[in-house]
Amino acid sequence: MNLSHVHTFLVVVETGNLNKAATKLNVTQSTVTARINALEDVIGQKLLRRIKSGAELTAAGSKFLRHAQIMVQVWKQARHDTSLPKGFDDVCNFGCVDSLWPSAGEWWVNSLRAACPTIALNVQCGNESENRLWLSNAIVDIAIAYEPPITSGFTIDPLFEDVFLEVSTVQRDLMRWDPMYVYVDHGEDFRRWHAGAFPVDETAIVTFTNSSHALNHILSWGGSAYLPARIVAQHIQDGRLFEVKDAPRFSRTCYLARNTGRTSKWPWWDTICNNAKSASYSADISQIRG
């Protein structure tokens, strides 16, 4: 199987159009068509259905998509691992859920760079589904996530409790509904909790899937949102945000998943793990005034 054909398939799926895929790949549309046809011949199934607006996945194409993503990712990783720059001894593949990057992910990357200057870092940030995929296929060596899959060869330990506060740009008490409320989707557990805590029919003025983006938005436009204490603590201390009085708090456990075989060979690993236990990314919410 030709990996360029697999990559072309993924670009067509991403763009939804053969012409756009050709432009992105800097090839002709006939080349894109030929690659897709060759891939379908190898698979023995039609992967894409041509429609008026472009192309869409067939049932077989939908099943093949996940495998195609893994193949391309593994190939990129193999090239990275086998082409270490001069002066580096190894590569550490670090995975992080997007929403955990502020403070937590940054702390780990900074600590890894400081502790092991001869180790090259490959940092991959994505959503929960992407993180689970990377762990399940051992594409990453270590990862921080809310819901890491139980994977053979990996050890999973609790890292810290991520506490979410309802914060507002103005001081106020808990109210039935804030017309300036911004909803941040923190995952399935949060959605269930939020629906029970706030059983209202109103719809949030804006919805985000990224905490940092939501934070920047309410700082610019005003309003309120549920955000991790670790990213709002400084703003509360500076008087730019206020925890809504009497608003319930929500928490999720963040886990550290590590490739047991790989990390057991790293002499610096235990030191970093010990430092992580007292890391500042886990905000001291007792110091946050409500």
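Is D246 buried or exposed? Keep that question in mind as we start our walk through this predicted model. D246 sits in the loop between β10 (242-243) and β11 (250-259). With a relative accessible area of 63%, D246 is exposed, because anything over 50% counts that way. There is something else to notice at this spot: D246 is not a glycine, and yet it has a positive phi of about 70 degrees.

S103 is not a glycine either, and its phi is positive, at about 75 degrees. You will find S103 in helix α5, which covers residues 101-115. How accessible is S103? Its relative accessibility is 22%, so S103 counts as partly exposed.

Now let us look at a residue on the buried side. T151 belongs to the loop between β5 (142-145) and β6 (154-168). Its relative accessible area is 14%, and T151 is therefore buried, since the cut-off for buried is under 20%. Which residues does T151 touch, once its neighbours within four places in sequence are set aside? The answer is L135 and S136.

Next come the cysteines. If you search the whole structure for disulfides, you find zero. C96 is in no disulfide, and the nearest cysteine sulfur, which belongs to C125, lies 4.6 Å away. What about C116? The closest cysteine sulfur to its own is in C92, at 7.0 Å, so the gap is too far for a bond. C116 is buried as well, with a relative accessible area of 4%.

Begin with helix α1 (residues 3-15) and helix α2 (residues 18-25), whose axes are 8 Å apart and which pack at an angle of about 125 degrees. An angle of that kind makes α1 oblique to α2. The crossing of α1 past α2 is right-handed. Which residues make this contact? On the α1 side they are H7, T8, V11, V12, E14 and T15, and they meet L18, K20, A21, K24 and L25 of α2. Sorted by class, the residues of this contact are five nonpolar, three polar and three charged.

The other pair to look at is helix α8 (residues 211-221) and helix α9 (residues 229-237). Their axes come within 11 Å and cross at roughly 25 degrees. These two helices are therefore roughly parallel to each other, because angles under 35 degrees count as roughly parallel. The crossing of α8 and α9 is right-handed. Here S211, S212, L215 and L219 from α8 meet I231, V232 and H235 from α9. How many charged residues does this contact have? It has none: the residues are four nonpolar and three polar.

For α1 and α2, look for an oblique arrangement; for α8 and α9, look for a roughly parallel one. Then return to the loop between β10 and β11, where the exposed D246 answers our opening question.

Technical notes: Residues numbered from 1 in each chain as written. Predicted model: local features only at pLDDT ≥ 70, side-chain atom pairs only at ≥ 80, totals over all residues. Heavy atoms only, no water. Helix = DSSP H or I, 4+ residues; strand = E, 2+ residues; numbered from the N terminus. Buried < 20%, exposed > 50% of the residue type's maximum accessible area, 1.4 Å probe, protein only. Contact = heavy atoms within 4.5 Å. Disulfide = S-S within 2.5 Å. Axes fitted to C-alpha atoms, helices over the stretch in contact; angles between N-to-C directions. Parallel < 35°, antiparallel > 145°, perpendicular 65-115°, else oblique. Left-handed = near helix turned anticlockwise from the far one by under 90°. Nonpolar A, V, L, I, M, F, W, Y, C, P; charged D, E, K, R; others polar.
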